[in-house]
Amino acid sequence: MEGVDHLADERNKAEFDVEEMKIVWAGSRHAFEVSDRISRLVASDPVFEKSNRALLTRKELFKSTLRKCAHAWKRIIELRLTEEEAGRMRFFVDQPAFVDLHWGMFVPAIKGQGTEEQQQKWLSLANKMQIIGCYAQTELGHGSNVQGLETTATFDPETDEFVIHSPTQTSSKWWPGGLGKVSTHAIVYARLITGGKDYGVHGFIVQLRSLEDHSPLPNITVGDIGTKFGNGAYNSMDNGFLMFDHVRIPRDQMLMRLSKVTREGKYVPSDVPKQLVYGTMVYVRQTIVADASNALSRAVCIATRYSAVRRQFGAHNGGIETQVIDYKTQQNRLFPLLASAYAFRFVGEWLKWLYTDVTGRLQASDFTTLPEAHACTAGLKSLTTTATADGIEECRKLCGGHGYLWCSGLPELFAVYVPACTYEGDNVVLQLQVARFLMKTVAQLGSGKAPVGTTAYMARAEHLLQCRSGVQKAEDWLNPGAVLEAFEARALRMAVACAKNLSKFENQEQGFSELLADLVESAIAHCQLIVVSKFIAKLEQDIGGKGVKEQLKNLCYIYALHLLHKHLGDFLSTNSITPKQASLANDQLRALYTQVRPNAVALVDAFNYTDHYLSSVLGRYDGNVYPKLFEEAWKDPLNDSVVPDGYQEYIRPLLKQQLRNARL
């Protein structure tokens with residue numbers, strides 16, 4: 001029935017102030033108000049309609065993306081939106097597009113690596129979208145191994161130009177979003193060669209297409225790499241390939257903030273420290289962690305609402321069946337994902353602070369915390385994107401068979417999200433970077449050099465290597481000190497065990513290679529500790545609103561204790577806890593599920609997602625699922641006719657056994 005809230009009973013059970021929780025989720029009252037206003041603006045605009053995406057051909061989908069981007073830019077100009085508001089608009093339009101790379105990679109790279117003169121020249125054009133840029137780093141043959149890139153930029157002192165060239169097929173740029181059909185310019189990463197010497201990979205601004213008719217410039221081969229996973233999904237993005245055949249660019253189009261080549265061809269590193277590049281990296285990875293909380297919360301919102309609507313089994317004497325959300329098996333799968341969405345939100349907030357801190361330190365030439373910040377952001381990008389991709393798929397399964405329908409919103413969300421596990425660093429490779437840093441930190445423990453930031457707990461190695469958990473009853477697991485100590489002991493003991501095993505090898509690199517799997521597990525333990533500790537730190541803040549902090553506490557301990565259960569082998573094998581304490585943790589976890597149950601729907605309402613943004617029949621705010629599933633089914637082109645096209649040629653002869661006459 002239209003206009004009826006089928007989830008009203010669930011909302012009435014809530015034991016906390018949902019409006020206040022919305023502000024906690026958004027980060028501030030201001031952020032909430034901006035998001036709320038812009039999401040409704042997008043939802044009410046027919047140009048941003050997206051319910052038919054699965055039925056469009058690739059060309060139709062791409063053209064609709066261009067239309068949406070142009071319309072969004074028009075609205076941004078007309079309404080004089082701030083940079084923050086424009087960013088929220090792109091977020092709620094919810095269609096991967098070339099603008100994501102223009103604003104998310106091209107512009108920040110020029111800001112981070114361009115000189116002041118270069119910024120004035122190029123950003124004045126880019127900020128008005130008079131040029132559209134992409135970030136051309138990844139090649140057909142190399143992704144994670146940036147130092148292995150093959151594209152060359154050779155300086156020609158006679159003409160004062162760089163010659164950009166793709167010497168092999170594997171040196172083709174491959175994957176950059178926006179490159180395939182739209183970008184007029186790219187930041188191209190290539191090996192800088194001058195005076196016969198290779199100075200490694202540097203960035204260059206290269207024009208790719210004419211600003212008059214959009215045709216590729218001479219000696220440039222560019223196109224789209226083809227259809228990707230899923231219906232709709234990331235196929236709205238023109239991921240591209242690019243090859244250069246001795247393309248010449250002026251010398252001043254090398255990004256020269258960190259190093260430059262003089263008119264005579266001399267390579268000169270600048271006074272600006274190279275570490276500044278890390279600032280951009282911390283920024284990009286912080287946005288990826290924030291995106292993880294957005295995507296996971298969206299999936300959890302759909303699965304939670306549908307779990308409350310769906311009833312199955314449990315009817316007695318013709319009574320009503322049991323809501324699926326009331327089964328402990330459903331709670332045990334769903335509530336840790338709900339907790340994870342909140343956990344990733346808060347660690348993302350903390351990463352914003354870290355970015356500000358790192359930027360401030362870099363400007364003051366203080367590089368002491370950089371290696372730790374770099375390792376920490378690499379690990380958190382890996383941890384949150386892996387958990388989110390797995391979590392979206394789990395939410396699809398939590399919705400039973402209907403979750404497999406495109407209109408559930410979950411298949412497309414999964415297809416759009418999963419590339420996050422490989423872009424901006426393959427998730428396993430990133431954890432190995434964390435592991436290298438942890439091994440260095442462990443090696444320095446006795447040297448008097450104190451571990452910093454998220455590794456500060458390692459300074460208490462002596463205590464953590466021999467402490468025993470004091471948990472004696474289930475409620476003791478609600479003590480933040482007990483939880484933190486168990487996670488710290490596990491992380492430190494795993495890191496120390498890896499370091500001991502490494503020391504048995506004469507050749508450290510060979511040892512590292514042999515122990516890769518153990519090192520990844522050690523890195524994951526460290527990263528999980530970071531997320532748990534930042535959730536606990538969030539609870540120490542002043543959080544207002546009736547019952548809000550209590551709900552966050554429940555979610556925090558669900559997140560921590562579910563991880564403890566999932567990785568029980570680690571905790572037991574390192575003697576961080578005993579089997580009896582593990583059993584008590586499980587008892588407490590079950591009790592926490594019971595406490596969250598009446599608040600579950602309200603906790604996902606706090607994400608404040610419009611039905612337009614969720615784009616899910618199963619996750620509708622009003623819970624009116626079944627009639628809407630039928631509505632969606634009737635929209636399918638197969639239902640345009642009662643008798644299918646092909647009946648006369650194929651089905652009728654089959655049924656009448658007249659196959660010899662059939663047109664097969």
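A charge is taken to sit over a ring if NZ of Lys or CZ of Arg is within 6 Å of the ring centre and within 35 degrees of the ring normal. In this predicted model, Arg88 lies over the face of Phe91, at 4.4 Å from the ring centre. A second case involves Arg11, whose charged end sits over the ring of Tyr621. The two contacts are set out below.

| Charged residue | Ring | Distance to ring centre |
|---|---|---|
| Arg88 | Phe91 | 4.4 Å |
| Arg11 | Tyr621 | 3.6 Å |

**Overall form**

The protein contains 23 helices and 11 strands. Its radius of gyration is 27 Å, close to the 26 Å that the globule rule gives for 664 residues, so the protein is as compact as a globular protein of that length. The C-alpha trace spans about 95 × 80 × 60 Å along the principal axes. Of the 664 residues, 52% count as buried.

**Aromatic contacts**

Phe91, the ring under Arg88, also belongs to an aromatic cluster.

A pair of aromatic rings is described by the distance of the centres and the angle of the planes. The structure holds 22 aromatic pairs. One of them joins Tyr135 and Tyr189, with 5.0 Å from centre to centre and 50° between the planes, and is classed as tilted. This pair links distant parts of the chain: Tyr135 belongs to strand S1 (residues 133-136) and Tyr189 to strand S5 (residues 185-194), 54 residues apart. Tyr189 has a relative accessible area of 6%, and because buried means under 20%, Tyr189 counts as buried.

**The second largest pocket**

Rolling a probe the size of a water molecule over the atoms shows where empty space is left. The second largest pocket holds about 790 Å³ of space. Its lining is made up of 29 residues, and those nearest the centre of the pocket are Pro371, Arg436, Phe437, Lys440 and Thr441.

Which helices each supply at least two residues of this lining? They are H10 (370-398), H12 (427-443), H14 (480-503) and H15 (508-514). H12 gives the most, with 10 residues. By class, the lining has 16 nonpolar residues, eight polar and five charged.

Terms used:
Residues are numbered from 1 along each chain as its sequence is written. This is a predicted model: local features need pLDDT of at least 70, side-chain atom pairs count only at pLDDT 80 or more; totals for chains, interfaces and linings use all residues. Side-chain values use heavy atoms; hydrogens and water are left out. On a 1 Å grid over the protein atoms alone, a cavity is a set of points where a 1.4 Å probe fits but cannot get out, and a pocket is an open set with protein on both sides within 12 Å along at least five of seven lines; lining residues have an atom within 4 Å of a point. Grid points are joined across faces, edges and corners, and a volume is the space filled by probe spheres set on the points. Helices (H or I, at least four residues) and strands (E, at least two) are DSSP runs, numbered from the N terminus. Ala, Val, Leu, Ile, Met, Phe, Trp, Tyr, Cys and Pro count as nonpolar, Asp, Glu, Lys and Arg as charged, and the others, Gly among them, as polar. Rings of Phe, Tyr and Trp (its six-membered ring) pair if their centres lie within 6.5 Å; planes under 30 degrees apart count as stacked, over 60 as edge-to-face and the rest as tilted. Buried means under 20% relative accessible area, exposed over 50%, partly exposed in between (1.4 Å probe, protein chains only). The radius of gyration is taken over C-alpha atoms; the globule rule is 2.2 Å times the number of residues to the power 0.38.
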